[in-house]
Structure formats: structure tokens, C-alpha cells
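Keep the sequence and the 3D view open side by side.

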Protein chains: 2
Amino acid sequence: MAVPALPLLLLVAGGLRAAERSGGSSSAMEELATEKEAEESHRQDSVSLLTFILLLTLTILTIWLFKHRRVRFLHETGLAMIYGLIVGVILRYGTPSTSGHDKPFGCSQDRPFTTLLVNVSGKFFEYTLKGEISPGKIHNVEQNDMLRKVTFDPEVFFNILLPPIIFHAGYSLKKRHFFRNLGSILAYAFLGTAVSCFIIGNLMYGVVKLMKLMGQLSDKFYYTDCLLFGAIISATDPVTVLAIFNELHADVDLYALLFGESVLNDAVAIVLSSSIVAYQPTGENTHAFDAAAFFKSVGIFLGIFSGSFMMGAVTGVVTALVTKFTKLHCFPLLETALFFLMSWSTFLLAEACGFTGVVAVLFCGITQAHYTYNNLSVESRSRTKQLFEVLHFLAENFIFSYMGLALFTFQKHIFSPIFIIGAFIAIFLGRAAHIYPLSFLLNLGRRHKISWNFQHMMMFSGLRGAMAFALAIRDTATYSHQMMFSTTLLIVFFTVWIVGGGTTPMLSWLNIRVGDHVPSVEEMNESRWLYFRVGVDPDQDPPPTNDSFQVLQGDGPDSESRNRTKQESAWLFRLWYSFDHNYLKPILTHSGPPLTTTLPSWCSLIARCLTSPQVYDNQEQLREEDSDFILNDGDLTVTYGDTTITANGSSGPHTATTSLDGRRTKSSSEEALERDLGAADHEVTSRGTRLVFPLEDNA
Amino acid sequence: MAVPALPLLLLVAGGLRAAERSGGSSSAMEELATEKEAEESHRQDSVSLLTFILLLTLTILTIWLFKHRRVRFLHETGLAMIYGLIVGVILRYGTPSTSGHDKPFGCSQDRPFTTLLVNVSGKFFEYTLKGEISPGKIHNVEQNDMLRKVTFDPEVFFNILLPPIIFHAGYSLKKRHFFRNLGSILAYAFLGTAVSCFIIGNLMYGVVKLMKLMGQLSDKFYYTDCLLFGAIISATDPVTVLAIFNELHADVDLYALLFGESVLNDAVAIVLSSSIVAYQPTGENTHAFDAAAFFKSVGIFLGIFSGSFMMGAVTGVVTALVTKFTKLHCFPLLETALFFLMSWSTFLLAEACGFTGVVAVLFCGITQAHYTYNNLSVESRSRTKQLFEVLHFLAENFIFSYMGLALFTFQKHIFSPIFIIGAFIAIFLGRAAHIYPLSFLLNLGRRHKISWNFQHMMMFSGLRGAMAFALAIRDTATYSHQMMFSTTLLIVFFTVWIVGGGTTPMLSWLNIRVGDHVPSVEEMNESRWLYFRVGVDPDQDPPPTNDSFQVLQGDGPDSESRNRTKQESAWLFRLWYSFDHNYLKPILTHSGPPLTTTLPSWCSLIARCLTSPQVYDNQEQLREEDSDFILNDGDLTVTYGDTTITANGSSGPHTATTSLDGRRTKSSSEEALERDLGAADHEVTSRGTRLVFPLEDNA
């Protein structure tokens, strides 16, 4: 998704200014007074926005200094938080507290108006509904103007700041080792998050009970609130750890496991928290267990998740088709703009249909990376990557600096020592109960085991970040939610600073190999290497390393790597891979085997329409650039005719492949798999490979 | 400036959702009802946003089709307007009109509250002030929900959509021929816009008088309103014409004149309209001439303009210094983010200080292009260009499609045939009274005259676009302003469609050479050429053409081009150029002569600090990449010492240059000028050239 981070702030500033312009036919002096006031307000808005921008600028400069001096103990997000904290302290204690001029009006309607017209001495003013506030809080609605100015609508995080972060995560997920570990990643993300949520929720309920016994609780705190806290705090965000992994070139499998888990568990945590909020037992005895409501919540979880997934996948597929069947790649600007708009529309489409935009955007990003990316022109590839990289960078640092600010400027903090200590213990136990048992179970199925030091590292890397914060700040209306928010904030601070700073020592203590898979070419290319170090999640695959390169050569001792691939890919993944390679890739991109050879013969008409001429060119190992669609059309039909005859006349495409390069018959599927996974950026070599999975596999 | 176009819409969607979350401790059922309603509203917002995005997507695809089939009669902005019109018609006549549930409340305060708490059957709701509305309009505040949904706060255009457009214009202004024609461009932009505004204003006042006589005017229409209309409609926007110029490679001088004028006159028109709005005669006989108020307005014009200029220049200079003195260029992501944030802060800084953000952003863009751009890494150069290109493209097409939509969805249109016809005549006369006399006067000073066909083409290219629309929609509270808005809309439609479509015939009819200065290298490079054709204002200089190239070679018949340079550059420009080249460029960038040679000897300490080591390297024609600041420090001092002695010991730097390449002594200044203007992207060759203007110039 594609919504940049900061412009919303401008709108906050812009919105107020509108007030000044509506002055109608009243006298000039009064108009002037109103205008002056509105202008003053606009200026204040600009100043507060400027504060944030200068904060980010300062963060960027300090990051540079740290990178320059190779300081690793503090990550940029931690830095952003510190600067935010400092500004928060200044705003909190350095600005005078002004009281707002609010007054309750009486009215006997039973539903509030969305728009209100107020007649003030003959002039009419238009008001819009901002929301309901609880009666106890009437008098501190507008305590301090400045503090209020720097406080945003929490939905801003979900609608503006998170989408580019999540989209970028999805778009950069096209990693070689991600798909190899897909099963484990899915297990960690789904089962792990659910287990973690449930365990934390129950432990926290115990803590709450204890607090009630000790008289430390001044308001209600239900079991569902505890579960919600569990869902919120289960969203891990090891951005700091991953940055250091990248920098030190730590083990790629561990990186894939951690990154994949963190990306997907954000989605799970969002949907999980929505489902828990939706858990509304019928009748008046609320917050007690109700089987019907429970199953409804489970249904909501599945519905929202699959719906959002579908939305994301569908827009991704539509973008892939559009970029495939138009010659838009001649115009990188148009292509980039289209890509941006389509990705954004995913978010809106999902929200319009009642699904979760952020989740849809994640899957859209993955789909775009998997299919659309291959259809883009070289320039658009770098453009889209860079565009989303900048948006992601700004949004992420903005959220973290806002977090620092919120610790002092948020006006309803409730810090309860028992709850906080309980929460720290609970997240530790929750993470442990999720990593170790799951790893044990996964190791039963995996040939390439997740070793103990990897498990410890994953346990250690359970940082909480932007997603937990955004989920917690979304609803801070009640006492329990305020306490949860304050606790989440502290957990994020602690984990980002302490755990982030301890990553390098931890890696060496756990004997996890670093400097792994560092190609020497890379090292020589200083600028590229530096770029790698700055990008938090560099979305390039590392250049082909020894193993995959040898496979491409078709000789050498490639048995080890091939075996590994086989081990990692379960039957479900193999099934998907074969479907993806034989049908989806040829339909949506210019690569893969021609559909005319993979689809049954009665589909030949559709297959003919959907297969792009490039595929045939690739097929014949002709890598000439096609300049015009019409010119190639004639050749196309001829080529097509030939291919169909071959496919029907012989014993099928498998034989055809075999006859082409008989030496590699037995392992052709693994090779194609290997090539596709390993050489994502080297599409040229993997194009046109027809993959038919030999069912007599010796795995 | 750097605020993307569309996210604001999301905020509109996001803002409403906040209402749902504030439900406190009331009963669950009621909470559910409110939540449902808020969710419904959020969905509707998403749908209306989606409409805009699909509109833009459709526009992009049609643009591609047009480019693909080489259709030139309709520009993308015209296309966006047509699609907007269609959607507007559907929304207007296809959706049922729903009446809002507004009710006036009575209150005897004399000032409105910014926040209102309304007690609705025991529940408190928070409302925020949206603005005053005139008593006559109370009942049509919320006529149609859907129409209201697709109507934005006009300030959104100024705060979100215009800044990236204007910044991009400034950032791409670094054109070879722009500085050559600077004097003429400034004259057209400042004098021309003022003349045009005054003439249109007076003509329209005549039209208004006529309408009053004929009884066609139902409300007040003051002279200041007429002048405001003149200012609004004087902002030309020949985006369509320039796109075609680019495509056909029309005369570069004409291109520079038109582009420069349109960019700068936007700024003039904004400030002019603010000054006219600020014209507030004292006493009760408003809207009569008041000398004090008039001079105050003039003062405001000068104040806002110079203030905004300063703001833009200062942030540009700060960015240049930051990028020069840090090694940020090793980290393109950080560099791009910093560039984006600094450019944005210009806007906020200017708004916070009471100046005009959009104008500040324009000058910031120019400064960034002139200085900062040279300090950026190669990757950041393309990143920043591409980022702002995409933002500009999206914002521009969004504004134009919104214009199409507004023709049917704006609910207070007042179309007066006499006023509209009068306006068309007035803008024609205003443009004529500005182009022809000014060209005549300029031709007195210019050696390279602006020919008649150029003048006719400039006359013809007086399109109105985004800026006129944004200025007109900014205030539609009164009868006169509504009529002005409707008329502006029609003028934009007419000029974009008719004039835009007639550009190609007009060019051939006026015998203006096309295909001029098309380098053959360029033609060969198909992708780059296509890129040129899509980008509306390609921000690259064309590769060095014959004349400048020959100058760089130091031989050949370069007298013609050199003379031209001399002719075009007036003494003011020469003064500025010498100052810029000797002091500003060395201070702010890594190019230019070392400060130690250009500053007096008593400034040597400062000069030493400010001059970057690269300059000395360039000086010695050593183009080796410096990898570390500390390493070079030693060499630096030595080089510095030598240079100072040379500068003091001999008869000055001019001699030093002469001794280096004696053959070109006489023309060294023109050459440096030529090189600097012509080879903007080929900094390497012009770096290290010490320019001292020979005062015995034979011009």
C-alpha cells in the first residue's frame, strides 16, 4: 500500500484553516477577528508539524553519524524514540497549560447529529461530530492546546502510516529463503501468535485478579480486555534485530524465519484483535463466556483474514494482468503511478468491503512482488522499490518518534507497576511457550532442523514495535485500555532499546555464524554494500551464492543444496509451487512455460490468448527484445502452432523437456525450483523453464 | 515541496472512524449502533476515495493508449477532466439526494467555541468547529451525502496537492535556456501578470456594471472582487502546450520562456490574490478606494513575496550545506528522506511565519536544483527526481479530474452567460496587452529578438489550469466568488481542451521549427526518448548540443553561440552569475573555484573551512574519488597553501587561469558561463573553472 507518512499532519493544519474562509456577509471587523484566529491556529499547526519534521531530520542526521562511525548498539528507531521523548518532555513541562473553552450543551434527542449548526449571536457555525466522550472526562477534554496539537487521531496510524510499512514488508518478502521456510513461518505466525495471545491473555487475567485482591484496580478489567492485550502485544516487530542481521550478514534461514514471522504475525494480530473486540456476548451478562459469540468471533477471524487475503491477491493479480497485457513498461512514470494507485486501492477496497486494509495491503505487496514485479520495466522496478522504501522509512521513524513523544504528551497514562511487571513476565513466557514447543514440532518434520541457538535467538528477538503501538493506541477510551496502552509503550521502549542493543553480543554468545553468504563481489562494491547497511529490509535478494550458482551450471557437487530444497518443501508447498509455476506465472507474467503446453487441449483458445509472445521466445532460448506487439503477432501464431502440435503429439511436456536436456531429466523439477527461488533477480536464466513435477520423487 | 496528493482523502475516511472508538461505559447495544454507523460512514468514504483512484487508474491506462497510438490532440490532463466530468454526471444524477439531519441550536455567546460538547440523552458527544455559514445557506448544508463526500476542503489543494506540483516545477527549472532568458521571464512573470490582472479586473468591472444595468446581478460584486478575479485568472498553466513542445522538440528558447513564465507567474498570482484579499479599507465605506489600504496591500505583496522567497532560499541553502558537509551521500535512502523532509519543512516554515508556503516551495525547488542537487549522490539524484515526478503526476491528474467532477458536484454554481463571455474576452485582451507590449519592450534590449511567431505562440499558450482552479475554489462563500469559480472552471475546460488540442496545428501554422536540437544519441536511446515524451517537464537538460559542445572542445566556429550568450545576459544577470559562481557555488557545493582564491585574504580562515577538498582536486584536474575526509585533510592544507600564494603573488586568479590555457584567455568567462549553463548534468567538465568577469567586455 502506498500512503505516505506525514501529509496527514498537513491536513490537520489545513482543516482548521477552512474555518476562516466561510465567513459570509457579516461585518468586516468580525470577519477579520475570526480570520485572525483561524490563521493563528493554522500557524500553530504548522509549528507543531515542523517540530515533527525537524525531529525526523535530526534523527536522520544522527543515524548518518552512527552509520558513519559504525555504532551498532542503538538502532535508528531507538534513536527516533529518544528524540521523541526529549521533545515530549519539553512540550509537557515547558509549555503553559491552557484550558479550553468547552461547555456541555443539553439536548434530548437519542442519537447525536453528525453535523451541528450553532447560532452564536446571529451567526451560524457548523460543527462536526468528533465522537462520544465519557461523562467523567468532560473537564479534561482540552487540557493543553500544545499537547493536543501534537496528538493525532489513532486511526491515522492504521490508515496512513502502517500501510506503507506493511506494503513494503510484503513487497520485499520475495526472498530466496522465505519460500523454503514457508511452512515454519506460517506455523510460527498463525499458531504461534494464537498461542502467545492466549497465554499472555490468561496470565494477565491472573495479574488482574491479583491486582483486584490487592485493591490496585480502580475500574473494570474484563477477561476479553486481557485477551485483547494478548493479541496486541503478540505482534512482534524485530526491525532492530533484522537490521543488525542484515549488516552482519547473519544466517539467511534465521533471517527468513524471523522476518517472515514478524510480517505475517502483524496481520494475524490485527485480525485477532478485531475478532476479540467483536466478541459481544448476547444478553446483559456481558464479558462472560458465550459459545455462540465465541464461534462468531472465530468466524469473523477466518472471514476477515481470508477476505483481506483475497482482496490483496485480487488487486495484485489485476495489476499483474494490466502490466502484462499493456505496453505500459515503455512509460515508467505511468507504470509507477499505476502500481502505486492499484496498491492503494487494495487498502480502500478492503476497507470498503469491511475487511482489514492493512492485512490486504500485505498480501497485495506479496502478490505484486511475486508477479507484477516481473512485468515492470527495469526503471519501474527500481522506482517502485525506492518509492516504497522512502515511504516506509519515513513512516516507521515517524511512528517511533511519535511513540517517544506519546510517553509524555498522552494525557491519560495509567502506569500500574504490578500490571507492567506481570506483562513483562507474560510476554516472556508467551514467547517461550510459542517458540520452543513449535520449533520442537516443526523439527519433527524438518530435515534441516531449527537448532537450539536459532530458537534462543528467535526467543530473544521478540521485540514489539509499531504494530503493537498502533493497535494499543487505537482504543484508549476505557480505564483498562489506557493501562494496556501505557504498558505497551513501556514494553516497546524496553525491547527496542535493550534487546536491540543486545543483538550483537547475543549473536556472538549464541555462536550464530555471521558474515555468512557474503559474496566477494558485493564486498568490493562499496556503495552497494553501504546501501545494504542503511536499508532496514533491503528488498534485493543477495546475488547468487555458490550453491544455486552451481545448480544453474548444471554440474558440480550440487546434491547438498538440492537435497536441502527437497527437505524444506513439504507436499503442500510443492503442490502450490507446481500450480504457480505451471499456471499462475505464465498467466500473470511473461515467464514460465507456455500455457499451451501446461493446460489441457480443450483450453487451448484461452491458453493462446493468455500466453505472452515472450514465453515462446524464451522457450526457444531467443532473448531478443520485442519492440512492437503487432509485428510479433504473425510469428506468434506460427510458434504457437508448432508448440501445440508438439504438446499433443508427444507424450506430454515432460518428455519434451527431457528431450531438450536429457542429462538433467531426473532433477529438472528441483533445479527449476532452485532456480526460481534462488535467482529471483536473474529472471533471464529461469525464464522458459518448463517444470513438471515428477511424482516418482525420491524425497 | 513534498506532500503527496492523495493520502488526505484517506484521512477524511480515517477521521470519521475515530468517532466509533470513543464510546465509553454506556451500554453495549447503543455502542454497537454508533459503531455500526461510524463503520458505514467509513465504508462510504473508502468507496468515494476508491472512485477517485479508479478514475486516475483509468486516466493512466487511457494516457498509455494515447501515447501508444501517438494521439496528440488530447493531453492527459484533458483526459482526466473528461473522466471526472463523466463521474460527476453519474454522481449528480445517478445518486438519490439525501437530506442531512442538521438542526440549528441557539446560544447567546458572542464567539463560537472551537470544541462543543453536546449532551444527548445522558451521553456526551464532542463536536469541533468547521466554520461559519451564512444564514441563507442553512438548509442546503448537506443536500446530498454522496456529493458532499466527494467534495474536499479547498485548502487541501493548497496544502497537499499544489506543493508537489510547484516544487517539481522549481526542481526541474534548471534548464540551460532558462537562465539565458531570465530577464525576459521575470518581466513576463511580474510585469505581465500585474498588467494582465489589472486589465482583466477593470474589464470585468465594466462587465459587472453592464450586468447591473441589465438586472442580471442578484447580489453584490465589488471592484476588489473583479481585481481578485483578474489575479486568479492570470495564473497561466501551459502544461498541455509544454508537453507537446517536449514531444516535438520545439524551439528551446520558446520553451524556456513559456515554462519559466508559467512557473513564476503562479507565485505572483498567489501573492497578488492574497494582497487583494488583504485590501481592507478602514471605516465603514468598504470597497471604496483607500490610499492607505492600497499601499498596505502593495507592502503585503512585497513582504509576502520576499519573505516566501527568503524562506525557500534559506531551507534550500541549509539542505545544500547539510548535504555538502556530511557524508550522507553514502546512504541514498537517508539522503532522499532528508531532502524530502527539508523541502517539506520549507512549506511549513513559510506557513508558520505567515508567508505563502506554495511560493516558498517554488524557490526552495529552484535552490535545491541549483545547489543541493550537485551534492547528492547519483542514486539520490534520480531518486528525488523520480519521487517528485510521481507525486507531481498524481497530484496534477488528481486536480484535473477533480475539476471535471466539480463541474457537476459543486452545489453552488452560478453560470452567468454575460460574465462568462466577458471573461473570455477579458482574458484574451489581458493576455494580448501583456505579451505584445512587453515583448516589444524586451526586444529593445534583447539582441536575440522574440520573433512575431513566438509572440503569437505565447499569446496562444495562455492556458489556465490547476493554480487558477485552486485559487478560485479557495473562497466560494459569497455570490461573486461563486460566479468567479464557475467561470474559472469553464475557462480552464475551454483552454485545456481547445488550446491544448490546437497546439500542434498552431505550431506548424506559425512556422515554429520543431525537431530542433534533437541529438542523434538521444534518438537512438529509445527508452530514454520515450521517457522524455511521458514526463511533462522532463527535468534533465538535453545532452550537450553542437554549440556548447564545441565550446567545451575549445575550437570550431563557436562565435555565434558565444555571442548569443553575451547578448542574453544583462549586466544584472552577469553580476549575479559572477557572485553565484565565485562565492555561492563554492560555499554550497563541491564545484566552482576554491574560496581561498575568490575571497579576500583576510577571510582565508573562513574560506578554508567552507571550501571542500574536492574543489582543490578539481582545480588540479584530479578527478579521483575521495574516500575519507581525514585522509585528504593533509593534502588539503598543502594545496591550500600553494593556491593562496599563487593568488596573492601573481596578478590574480585571472592570470592563473590564463597561464593554464592561454589560447582561450579572452573568452574564458563566456566559456565558463556557457559551460555552466549548458552542461548542468556534466558537472565534471565545468568544475574547477575559475571565473573572473573581464570588465573590458566588448558587449
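## Two helices of chain B

Start with the contact between two helices of chain B. From α7(B) come B:Cys197, B:Phe198, B:Ile200, B:Gly201, B:Asn202, B:Met204, B:Tyr205 and B:Val208. They meet B:Tyr223, B:Cys226, B:Leu227, B:Phe229, B:Gly230, B:Ala231 and B:Ile233 of α8(B). By class, this contact of α7(B) with α8(B) holds 12 nonpolar and three polar residues, with no charged ones.

Now the geometry. Helix α7 of chain B covers residues 182-214, and helix α8 of chain B covers residues 223-233. Their axes lie 7 Å apart, at an angle of about 135 degrees. That angle makes α7(B) oblique to α8(B). The crossing of α7(B) and α8(B) is right-handed.

## Confidence in the model

This is a predicted model. It scores ipTM 0.74 and pTM 0.75. Chain A has a mean pLDDT of 71, and 64% of its residues reach 70 or more.

Where in chain A is the pLDDT below 50? Residues 1-27 of chain A are one such stretch. Beyond near neighbours in sequence, this stretch has 96 contacts in the model. Residues 99-112 of chain A also have pLDDT below 50. That stretch has 41 contacts beyond near neighbours in sequence.

## Two helices of chain A

Turn to helix α5 (residues 155-171) and helix α17 (residues 466-473), both of chain A. They pack at an angle of about 165 degrees, and their axes are 11 Å apart. How do α5(A) and α17(A) run, roughly parallel or roughly antiparallel? An angle over 145 degrees counts as roughly antiparallel, so α5(A) and α17(A) are roughly antiparallel to each other. Their crossing is left-handed.

On the α5(A) side, the contact is made by A:Phe157, A:Phe158, A:Leu162 and A:Ile166. On the α17(A) side are A:Ala466, A:Met467, A:Phe469, A:Ala470, A:Leu471 and A:Ile473. The residues of this contact of α5(A) with α17(A) comprise 10 nonpolar, no polar and no charged.

## An aromatic pair

How many aromatic pairs does a search of the whole structure find? Over all chains there are 62. One of them joins A:Phe579 and A:Tyr583, whose ring centres are 5.7 Å apart. The ring planes of A:Phe579 and A:Tyr583 stand at 45 degrees, so the pair is tilted.

Both residues sit in helix α24 (residues 571-588) of chain A. A:Phe579 and A:Tyr583 are four residues apart there, so about one helical turn separates them.

Note on methods
Residues are numbered from 1 along each chain as its sequence is written. Chains are lettered from A and ligands numbered from 1 in the order in which they are written. This is a predicted model: local features need pLDDT of at least 70, side-chain atom pairs count only at pLDDT 80 or more; totals for chains, interfaces and linings use all residues. Side-chain values use heavy atoms; hydrogens and water are left out. pLDDT is the predictor's confidence in each residue, from 0 to 100. Contact means heavy atoms within 4.5 Å. Axes are lines fitted to C-alpha atoms, for helices over the stretch in contact, and angles run from 0 to 180 degrees between N-to-C directions. Angles under 35 degrees count as roughly parallel, over 145 as roughly antiparallel, 65 to 115 as roughly perpendicular and the rest as oblique. A crossing is left-handed if the near helix is turned anticlockwise from the far one by less than a right angle, and right-handed if clockwise. Ala, Val, Leu, Ile, Met, Phe, Trp, Tyr, Cys and Pro count as nonpolar, Asp, Glu, Lys and Arg as charged, and the others, Gly among them, as polar. Rings of Phe, Tyr and Trp (its six-membered ring) pair if their centres lie within 6.5 Å; planes under 30 degrees apart count as stacked, over 60 as edge-to-face and the rest as tilted.
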